[in-house]
Amino acid sequence: MTARFLRDTFSKQQHIDAIRKDGAPVVRKLRHRKTVAAITALLLLFSFATGATGHSGPAAVSGATPDTGGSREEADTTAPLTLRVGAYDNPPKISTDASGDVSGFWPDLLNSIASAEGWQLQYVPGSWQESIDRLKAGEVDLMPDVAYTPDRARGMDFCEASVLLSWTRLYVRRGVDWFQSIEDLEGRTVAVLRGSVNLEGPAGLREIADAFQLTVHYLELENYDAVFRAIESGQADAGISNRNFGDLNAGRFAISQTSFVFQPVSLKFAVSRQRVDSALIRARLDAELADLKRDPNSLYYDLLGQYFETEIAEREVRVWPDWVTRTLQILALLLVFLFGAVVYTRVQIKRRTRELRETVVALGERERRYLEIFNSPTDAIFIHEANTGKILEINDPALEMFGVTRESMIGRTVETFSSGEPPYSVVEAMAHIQRARQEGPQVFDWRSRHSDGHLFWTEVALQVTHILDQECILAVARDVDARRTANAALAAEQERLAVTLRSIGDAVITTDIEGRIGLLNRVAEELTGWTAAEAHGLPLHEVFTIVDGASDRPRTDPVRRVLADNDIIALPSDTFLYTKDGRRRQIADSGAPIRDAESRIIGVVLVFRDITEQARQEAEVLKVRKLESVGVLAGGIAHDFNNILAGILGNLELSLIELGPEGPATPLLREAEGAVHRAEKLTKQLLTFARGGEPIKEAASLADIIRESAGFVLRGSNVACRYDLPDELWLVHSDPGQISQVVQNLVLNARHAMPDGGIIDITCRNLTGPDAPRLPGLDPTDCVVMTIRDNGVGIPSKIIERIFDPYFSTKQDGGGLGLAVTHSIIVKHGGQILVDSHPGQGTTFTVYLPALRQAAPSDSKDPTPVKGNFHGRALVMDDEESVRTTTSRMLGRMGFTVVSVASGADAVAVVQEASKSHQGFEVIVLDLTVPGGVGGLETSRRILEISPQAKIIVASGYSNDRVMANYAEYGFSGVLCKPFVMKDLYRVMESIGL
C-alpha cells in the first residue's frame with residue numbers, strides 16, 4: 001500500500017509541476033502540495049519505519065501494485081508491454097507540439113496507467129482521421145478520446161469504462177446573430193473535423209440536418225483549430241466542436257458559442273482488433289479506471305479539475321489519509337518555523353530572479369522575431385487604435401511605400417496618407433473601421449497620397465485584433481496602382497472587343513480547345529436562338545448543331561477540324577444550322593485557331609452568317625437565268641416559226657383572194673388559215689414566255705384577253721370564273737401578251753388561295769379622266785379598271801406590303817416573281833395595281849390601265865380587198881425567201897411595183913442605185929434580224945443616210961425586241977409583226993400616210 005501511495009504521490013507531484021495558471025482553486029491546492037513536497041523524504045522514512053507495506057523497498061520502487069484480480073503478478077514477471085498510441089491535436093484533451101511532445105488530459109491519464117501497468121508507450125502523431133485509420137489497420141494499438149458509436153464498434157474494440165462525457169456545440173463568428181434555430185443552417189457552410197462523430201455519428205449534425213431536410217455544405221478540416229479559424233475568417237458560416245475544446249479555446253478566436261448543443265457522447269479508450277491481446281489490454285484499462293474513479297482523491301479527479309470542470313477542481317484533493325495530513329501539517333509548521341523564512345525567501349528570490357531573467361531574454365527574442373515577421377512582408381502594415389484611428393505601429397514597407405518616417409506617423413490618423421477627397425477622407429476611413437468592428441474583416445480600394453504629393457491606388461484589408469487587452473485595427477495596404485492601370489486598360493480593350501463583336505454583321509462563337517463555348521455575339525444569339533449566358537460552358541454541338549443539307553446528317557465538329565488541321569477551315573456550302581427552336585438555316589462558316597502570345601492554340605473562333613435568303617435568291621436568279629435561256633430559245637423558235645407562218649399565211653390569203661369566196665377550195669383554205677392562226681397563237685405564247693423589256697402597245701380588247709387567259713389557267717381545276725365585262729368596254733392601249741400574263745398571274749394566285757374550290761369574280765368598268773383615281777404612276781386620262789376578287793384565305797396585314805417584292809413568296813414552292821412581274825408590267829403600261837385583303841375574307845386586286853375611248857370592233861372574217869389604190873415602188877428585204885416572196889406578192893396586190901433582196905447590203909445597194917437614177921421607193925420593208933448578215937436596224941441607218949425621207953417599216957418574228965416596241969426612236973415609220981396578213985399591211989400603210 002505504501003509503495004503505491006508513494007508512486008501516486010510522485011506521479012501527482014510531477015503532474016502538478018506541469019500545471020499552468022488556469023483555475024485558481026487548483027493552483028492553491030498545488031501550491032500547498034509543493035509546500036509539503038519538501039518533506040517527502042520524511043514520509044518515505046516514516047513508511048519504512050512503521051512497516052506499512054508488505055513488500056520490500058525495491059519492489060515498491062519498481063512500480064508494483066496490489067493484485068486487482070487480474071494478471072498483475074504475471075505482468076511483473078514478463079517483458080514490458082509496448083503500445084503504439086495514436087496522438088492528434090485536440091487540446092485540452094490531447095495535443096502534440098512541433099517537437100512531437102504529447103500532453104493533455106488523456107496522455108496524463110494514460111501515462112499514469114501505463115506506469116502502474118509497466119507498459120511502454122510510443123505516441124504516433126497524426127490527424128484525427130489518420131489516427132482512426134491507423135487504429136483500424138493495426139498501425140497503432142490504442143486510441144484515447146474515441147466517442148463510442150455502434151458503427152465504430154464494428155471496426156475497433158472499446159473499453160467498458162467511460163472516461164469522459166462530452167457533447168457538441170455550434171459556434172459562429174463574433175458579432176453575427178443570424179443563427180436562431182437549426183433551420184437557419186439551410187444553405188450554410190459549416191466547418192467540421194474530418195471523420196468526427198460530431199458530423200457522422202448517431203445524432204450527429206449530418207443526421208440532424210437530414211432529419212430537418214436541410215441543405216448544409218460541410219467544410220471538412222483536419223483539427224478544431226482549423227475549424228475555428230474558418231469561422232473567424234468567414235470561410236465558413238459556422239462550425240462545430242466538442243465542448244471540451246470549445247470551452248477552453250473559443251476565446252482565442254473571434255467566435256461566439258450558440259445555444260445549439262447536441263449529441264452527448266461517451267469518450268473511451270479504443271484498442272485495435274489487430275492485437276491478439278486486445279481483451280487483456282481493455283481489461284487492465286477498465287480495472288485501472290475503476291480504481292481511479294472509486295478514489296475521489298485520485299489523479300483522475302485531479303486531471304478533471306485541472307483540464308475541465310472547476311467544480312471538480314475545487315474539491316479538496318487528498319492523496320493520503322487524514323491522520324497523515326494532520327501529521328504533515330504539524331511537521332510542515334515545525335519545519336517552517338525551525339528552518340526559517342530566510343532560507344525559503346532566498347530560494348524564492350533566486351528562483352524568481354532566474355525566471356525574470358529568462359523571461360526578459362525570451363521576451364527580447366520574441367520581440368526580435370515579431371519585428372522580423374512584422375517587417376518581412378512587402379505590404380504596408382498599420383496598427384490603429386480602434387476608437388480614434390490613431391496609428392500605434394507601422395512596418396518598414398509602409399514607410400517606404402508612403403515615403404515617411406516612423407516617428408512622423410506614430411499618433412497620426414489615416415488622413416496623413418489619404419487623398420483627402422471623398423470618398424477617400426478620414427470620415428470614410430473611420431466608417432470602414434467601424435464596419436470592421438461590427439461586421440468583420442473589410443477589403444476595399446483606397447486612394448492614397450505619397451509624402452511627395454502624388455496619388456496612387458492601394459488595396460486595404462482591415463481586421464479587428466486585441467493587443468494587451470486593447471482593441472486595435474490591423475490594416476494591410478498593398479500598392480495596386482499598376483494593377484488598376486492594367487485592369488483599366490484590359491477592361492477598355494475588352495469593351496472595345498465586345499463593341500467590335502456586337503458590331504460585326506457575322507455571327508461569332510469562341511470555344512476553348514475542348515469545345516466548350518466561351519462567347520457568343522449578338523448575331524450568333526439571333527441565329528442560334530441561344531443567349532450568351534445560356535450557351536456559356538456548353539459543348540459546341542449543343543448550340544451549334546450543323547448538318548449536311550442533302551442528307552441531314554451531322555457535320556464534323558468544326559473545332560476538331562481546326563485543331564486537327566492547325567489552320568483556318570471552311571464549311572461546305574450546303575451546311576445547315578438547326579436553331580434552338582428547331583428552325584433550319586443555311587450558313588456559310590469558317591473556323592480559325594485562337595493562339596496565345598507563344599502561338600499555342602488556346603481555342604477556336606467560328607465566324608458564320610445566314611445565307612438562307614442569299615441562297616434562295618441565287619437559286620431564283622439561276623432559275624431566272626434558266627428561264628431567260630429557255631426564253632431565248634423560245635424566242636428563236638418563235639422567230640423562225642413566224643417566218644414560216646408568214647409565208648404560209650400570206651400565200652393562203654392570196655389564194656383565197658384569187659379563188660374568191662365561192663371557190664371549191666375555199667373551205668379547205670379557210671381551214672388551213674385557221675390552223676395557221678392557231679399556230680400564230682402558239683408562237684405568241686412562246687414570245688410572251690420569252691418577252692422582256694418594253695411592251696409593244698396596241699389597241700386591244702381587255703375582255704378578250706381576260707376570257708382567254710383566265711380560261712387557260714383554270715382549265716381542269718375546281719375553281720370557276722364569274723365575268724362582268726360590259727360590251728361597251730373600251731380598248732386598252734397595251735401589249736396583249738403582257739396583259740395576258742398579268743391576268744394569268746392574278747387568277748393563278750386566286751386559285752391557290754382557294755384550295756377547296758370557289759368562284760373568282762372578274763369585273764371591268766370604264767372610268768373617265770375626272771373619275772379616275774389620283775394614284776402614283778397612273779396617267780391622268782381615261783382608263784379601264786379591272787378587279788379580280790376571290791373568297792380565299794386572304795393575306796395577313798403584316799406581309800401585304802411585301803407581296804410585290806421580288807422573290808417574296810408565302811408558298812413553299814413559290815418563286816416570288818409572279819406578282820413582281822405583274823407589278824412591273826402594269827407600271828410600264830402607265831397603269832397602277834392595288835390590293836385589299838383580310839384574312840379569312842378573301843383578296844381583291846384592282847388594276848387600272850390607260851384606255852382608248854372606243855369599244856372593241858366586231859371580228860370580221862371578210863377577206864381583204866384584192867386591189868388597193870397604192871402606187872409606186874416598194875423594196876422588200878428578208879433573208880427568208882418564202883417571206884420575201886409572199887410579202888412582195890401582197891404589196892404587188894396592193895398596187896406597188898416590188899423589188900426584193902435577201903440581205904441588208906443588197907438593199908443599201910439598190911437604194912443607192914435608185915437614188916442615182918432618181919427613182920426612189922415609196923415604202924421599204926426590212927427584216928429586223930438577218931442571221932450572219934446586216935439586219936434591218938443597220939440597213940435602215942444606211943438607207944436614211946442616202947434618202948432621209950424614206951419611209952421604212954421594220955418587220956420581225958421577234959415581236960418582243962426593243963426596236964419593235966420603240967420603232968420610231970430607231971428611225972422606222974411603222975412596224976409589222978410576223979406573221980401578218982394584207983389587212984396588217986393596209987393598216988401600216990395607212991398609218992405612215994400612204
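Predicted model: local features only at pLDDT ≥ 70, side-chain atom pairs only at ≥ 80, totals over all residues.
How many bridges join strand E31 (residues 873–877) to strand E33 (residues 923–927), and in which sense do the two run? Residues are numbered from 1 along each chain as its sequence is written, and side-chain values use heavy atoms, with hydrogens and water left out.

The secondary structure of the chain comes to 34 helices and 35 strands; helices (H or I, at least four residues) and strands (E, at least two) are DSSP runs, numbered from the N terminus. Of the 994 residues, 44% count as buried, where buried means under 20% relative accessible area, exposed over 50%, and partly exposed in between (1.4 Å probe, protein chains only). Among contacts (heavy atoms within 4.5 Å) with a separation of 6 or more, residues 24 or more positions apart account for 65%.

As for the opening pair, 4 bridges join E31 to E33, and the two strands run parallel; Val-876 stands opposite Val-925 in E33. Both strands belong to an open sheet of 5 strands with parallel pairing, in the order E32-E31-E33-E34-E35, where two strands pair if DSSP finds at least two bridges between them. Its edge strands are E32 (897–901) and E35 (974–977), each of which pairs on one side only, and neighbouring strands are turned by 20° against each other on average, direction ignored. Helix H32 (residues 936–946) packs on this sheet by touching E31, E33 and strand E34 (952–956), its direction making about 150° with that of E33; such angles run from 0 to 180 degrees between N-to-C directions, with axes fitted to C-alpha atoms, for helices over the stretch in contact. Helix H34 (residues 982–991) also packs on the sheet, touching E33, E34 and E35, and its direction makes about 170° with that of E35.

A second open sheet has 5 strands in the order E13-E12-E16-E15-E14, with antiparallel pairing. Strand E13 (391–394) and strand E14 (442–449) stand at its edges with a single partner strand each, so one side of each is left without a neighbour in the sheet. The twist averages 30° from one strand to the next. Helix H19 (residues 426–439) packs on this sheet, touching E14, strand E15 (455–467) and strand E16 (470–479), and its direction makes about 160° with that of E14.

Strand E28 (residues 783–789) has 6 of its 7 residues buried, so it is largely enclosed by the rest of the structure. It is joined by 7 bridges to strand E27 (residues 758–767), running antiparallel, with Asn-766 opposite Val-784 in E28. Another 7 bridges join E28 to strand E30 (residues 842–855), again antiparallel, and the bridge partner of Thr-787 in E30 is Thr-846.

Ser-734, in strand E26 (residues 730–734), is buried, with a relative accessible area of 1%, and residues it touches include Ile-696, Lys-697 and His-829. Leu-338, in helix H16 (residues 322–375), counts as exposed at 66% relative accessibility.

Conventions. Lists of a residue's contacts leave out its neighbours within four places in sequence.
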